[in-house]
Amino acid sequence: LFGLDRDRLCRLVDQGSVAGRICESFARAAGIAAGTPVVSAGGDQQCGALGLGVLSSCDLEVNSGTGSFVISLRDAPALESDAVICNVAAIPGKYTVESNILSSASALNWLAREFYPDLCRSGRPDFAAIDRIVEQAAPGAGGVRCLPHFQGCGTRCWDAGAKAAFWGMTLCTTRADFT
């Protein structure tokens with residue numbers, strides 16, 4: 001497709017397979033024992049799911065950082081839905097299904113800056129103070145809902161131009177309801 005010679009590409013191996021071993025020169029430079037196996041495992045979220053204990057289809061993990069992810073395992077690929085990403089898992093013969101929200105951390109920083117400027121000192125939000133305010137809000141955020149596409153939509157429709165939205169606001173809505 002791109003006109004690259006095959007000898008310029010890496011050899012593809014199944015997840016969980018030994019792709020090679022650490023050579024002597026790299027071992028010395030990195031402080032790793034020579035001969036240590038290099039195992040093909042998966043992407044950051046697939047390996048994170050394994051590290052968080054997602055070992056069967058009965059397990060589910062939710063993690064948040066730059067983005068937010070919900071991940072579980074399957075024994076077969078999930079091809080029937082475009083609502084989730086299906087990928088090989090870090091466990092041989094398994095597949096991950098995941099859904100994501102892009103830019104969670106950036107959205108939280110925006111919210112702190114725009115809704116709680118009094119709690120942002122030197123450009124750093126005081127998230128503990130914001131948490132104390134939010135903890136006093138009634139469960140359910142007063143009916144406020146958020147479509148979290150602050151930098152486009154990841155899973156379901158993969159639309160880089162998608163925009164965020166809040167709805168369900170009334171004259172009783174408080175800033176805590178947005179958080």
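These legends describe close-up views of a predicted model.

**View 1. The largest pocket and its lining.** The largest pocket in the predicted model has a volume of about 350 Å³. Its lining is made up of 18 residues. Those nearest the centre of the pocket are Ser104, Ala107, Leu108, Pro148 and Phe150. Helix 3, which spans residues 104-115, contributes the most to this lining, with six residues. By type, the lining residues of the pocket are 12 nonpolar and six polar, with no charged residue among them.

View 2. Ser103 sits in the loop between strand 6 (95-101) and helix 3. The phi angle of Ser103 is near 60 degrees, which is a positive value in a residue other than glycine. Most residues other than glycine have a negative phi. Ser103 has a relative accessible area of 6%, and because buried means under 20%, Ser103 counts as buried.

**View 3. Ala141, in the loop between helix 4 and strand 9.** This loop joins helix 4 (127-135) and strand 9 (145-147), and Ala141 is found in it. Ala141 also has a positive phi, near 55 degrees, and is a residue other than glycine. The relative accessibility of Ala141 is 22%, so the residue counts as partly exposed.

**View 4. The largest nonpolar core.** This core has 10 residues in all: Leu111, Ala112, Tyr116, Leu119, Cys120, Ala129, Ile130, Val144, Ala176 and Phe178. Helix 3, helix 4 and helix 5 (175-178) are the elements that each give two or more residues to this core. Another core, of seven residues, lies apart from the largest one, and Val54, Ile71, Leu73 and Ile91 are among its members.

**View 5. The surroundings of Phe178.** Phe178 belongs to the largest nonpolar core. With its neighbours within four places in sequence left aside, Phe178 is in contact with Leu111, Phe115, Val144, Phe166, Met169 and Thr173. Of these contacts, Leu111 and Val144 are also listed in the largest nonpolar core.

**View 6. The two faces of helix 2.** Helix 2 runs over residues 44-51, and its buried residues are Gln45, Gln46 and Ala49. Seen down the axis of helix 2, these buried residues fall within an arc of 105 degrees, so they line one face of the helix. An α-helix has 3.6 residues a turn, so residues three or four places apart point the same way. The buried residues of helix 2 pack against strand 3 (60-64), strand 4 (68-74), strand 5 (85-88) and strand 6. On the face turned away from the buried side, helix 2 carries the exposed residues Asp44 and Gly51.

**View 7. The largest cavity.** A search of the whole structure finds one cavity of 30 Å³ or more. The volume of the largest cavity is about 30 Å³. The residues that line this cavity are Gln46, Ala49, Leu50, Val54, Leu73, Ala89, Ala90, Ile91 and Thr96. Helix 2 gives the most to the lining of the cavity, with three residues. The cavity lining divides into seven nonpolar and two polar residues, and none is charged. Gln46 and Ala49 in this lining are also buried residues of helix 2.

Key. Residues numbered from 1 in each chain as written. Predicted model: local features only at pLDDT ≥ 70, side-chain atom pairs only at ≥ 80, totals over all residues. Heavy atoms only, no water. 1 Å grid on protein atoms, 1.4 Å probe; cavity = no way out; pocket = protein on both sides within 12 Å on 5 of 7 lines; lining within 4 Å. Points joined across faces, edges and corners; volume = space filled by probe spheres on them. Helix = DSSP H or I, 4+ residues; strand = E, 2+ residues; numbered from the N terminus. Nonpolar A, V, L, I, M, F, W, Y, C, P; charged D, E, K, R; others polar. Buried < 20%, exposed > 50% of the residue type's maximum accessible area, 1.4 Å probe, protein only. Core = buried A, V, L, I, M, F, W, Y, C linked by side-chain atoms within 4.5 Å. Contact = heavy atoms within 4.5 Å. Arc of directions from axis to C-beta.
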